[in-house]
Amino acid sequence: MKKILIVDDSALVRRVLCDIINKDERFQVEDRAANGLEALELLERKSYDAVVLDINMPKMDGLTVLKELQKRKIPARVVMASTYTKEGAKITMDALELGAIDFVHKPDNAAGCRRDGFQSRLIEILAAVTESKMPSFSKPFSIEEVKKSRKMVDLLSKHEGKLTGKRIVALASSTGGPRALQSVIPRLSGKLNAPVVIVQHMPMGFTTSLAERLNNLSELTVKEAKEGDELIAGNVYLAMGGKHLNVNYSGGKHVIHYSDEPTREGVKPCADYMYESLARSSYDNIICVVLTGMGADGTKGISYLKNKKKIHVIAQNEESCAVYGMPKNVVNAGMANQVVPLEQVAQEIMMNVGVM
């Protein structure tokens with residue numbers, strides 16, 4: 001049985017979360033803390049399979065807890081649960097950057113926590129996080145390291161010779177994805193000889209903040225994709241939360257088109273739509289990249305695309321994944337050309353795309 005620590009300043013919310021989690025026979029709430037200071041004291045003495053952490057608390061807030069965990073090198077797999085995560089997308093990005101694996105939007109009151117949608121999402125995330133093989137303590141993001149590896153990758157790709165044909169990179173990620181994307185996108189050369197389209201499973205509103213953060217860290221131009229955006233090499237287009245991203249080819253141009261079908265694979269945006277739409281494109285080579293995430297999104301789309309186009313599939317390996325779900329499905333389907341650690345993904349993209 002997996003041991004869980006709940007950290008929330010509301011006694012009622014702590015009790016409701018406790019009831020939800022204990023109802024599932026896989027989990028047991030081992031301890032409860034009313035603020036960050038109490039949580040840190042517990043985490044210094046005991047270990048848990050997962051921590052459900054509020055953001056806005058007296059004495060010590062959730063972001064400070066994450067900073068202290070990093071500073072003191074205390075291992076913990078953290079899921080953020082806060083009303084702030086809905087409107088405070090920047091705060092959520094900060095939490096994910098500081099080591100939180102995922103987040104769940106906590107309703108504004110305890111009654112809302114009892115709704116099926118919240119309960120199933122919380123349990124789904126806990127199940128994925130507690131099974132993760134990724135080290136529960138990971139070092140913070142370092143732009144210096146990224147700059148060093150970017151130079152190396154740029155140098156290597158220049159010596160690979162000229163690659164022919166029009167290319168595009170199509171990337172899918174989910175749980176653990178925002179942090180994983182920070183290890184991939186900033187490492188790519190600003191002269192990348194292809195556009196990059198990304199489907200990261202996130203609610204509406206959060207993708208704007210993620211795109212801005214990646215743009216600030218990268219040589220490439222990163223933006224939340226808008227309807228009708230033309231795909232241009234050296235630019236990264238992140239799918240908007242709550243819509244399915246497709247690549248349409250018309251009038252000699254590839255442009256972004258959003259569709260509003262229901263969720264697929266339980267998510268919206270769904271990477272399967274992105275991959276399937278690329279089957280109708282004029283790209284000669286499509287580099288499909290599947291990073292950390294629960295579920296199987298991407299596998300059906302890549303399988304369909306493989307029958308129509310020349311593709312090269314790069315999957316993140318299990319050891320570096322927050323959740324080895326999406327890459328595992330691609331590998332098990334026999335479609336991965338390469339299975340590599342997260343820090344090598346950018347290098348492999350560059351080798352298959354080249355620079356301008």
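This is a predicted model: local features need pLDDT of at least 70, side-chain atom pairs count only at pLDDT 80 or more; totals for chains, interfaces and linings use all residues.

Q: Which residues of helix α2 are buried?
A: Start with the general idea. An α-helix has 3.6 residues a turn, so residues three or four places apart point the same way. Helices (DSSP H or I, at least four residues) and strands (E, at least two) are numbered from the N terminus. Buried means under 20% relative accessible area, exposed over 50%, and partly exposed in between, with a 1.4 Å probe and protein chains only. In α2 (residues 36-45), the buried residues are Gly36, Ala39, Leu40, Leu42 and Leu43. They span an arc of only 165 degrees around the axis, so they sit on the same side of α2. The arc is taken over the directions from the helix axis to the C-beta atoms. Glu41 and Arg45 are exposed on the other side of α2.

Q: What do the buried residues of α2 pack against?
A: Contact means heavy atoms within 4.5 Å. The partners are β1 (2-7), β2 (27-33), β3 (50-53) and α3 (62-72).

Q: Which residues are buried in helix α12?
A: In α12 (residues 299-306) they are Thr299, Gly301, Ile302 and Leu305. Their arc is only 165 degrees around the axis, which puts them on the same side of α12. Their cover includes α11 (271-278), β12 (285-290), β13 (310-316) and α13 (326-332).

Q: At what angle do α9 and α10 pack?
A: Axes are lines fitted to C-alpha atoms, for helices over the stretch in contact, and angles run from 0 to 180 degrees between N-to-C directions. Under 35 degrees counts as roughly parallel, over 145 as roughly antiparallel, 65 to 115 as roughly perpendicular, and the rest as oblique. Helix α9 (residues 177-184) packs with helix α10 (residues 206-217) at about 20 degrees, axes 10 Å apart. That makes the two roughly parallel. Pro178, Leu181 and Gln182 in α9 meet Leu210, Arg213, Leu214 and Leu217 in α10.

Q: How do α5 and α10 cross?
A: Helix α5 (residues 89-97) and α10 have axes that come within 9 Å and cross at roughly 55 degrees. The pair is therefore oblique. From α5, Ala89, Lys90, Thr92, Met93, Asp94 and Glu97 meet Phe206, Ser209, Leu210 and Arg213 of α10.

Q: Is Ala239 buried or exposed?
A: Ala239 is buried, at 0% relative accessibility. It lies in the loop between β9 and β10 (244-250). Leaving out residues up to four places away in sequence, Ala239 touches Ile198, Val199, Thr207, Leu245, Tyr258 and Pro269. Ala239 and Leu305 are 66 residues apart along the chain, with C-alpha atoms separated by 19 Å.

Q: Where does Gly228 lie?
A: Gly228 is in the loop between β8 (221-224) and β9 (235-238). Its relative accessible area is 43%, so Gly228 is partly exposed. Beyond neighbours within four places in sequence, Gly228 contacts Val255 and Ile256.

Technical notes. Residues are numbered from 1 along each chain as its sequence is written. Side-chain values use heavy atoms; hydrogens and water are left out.
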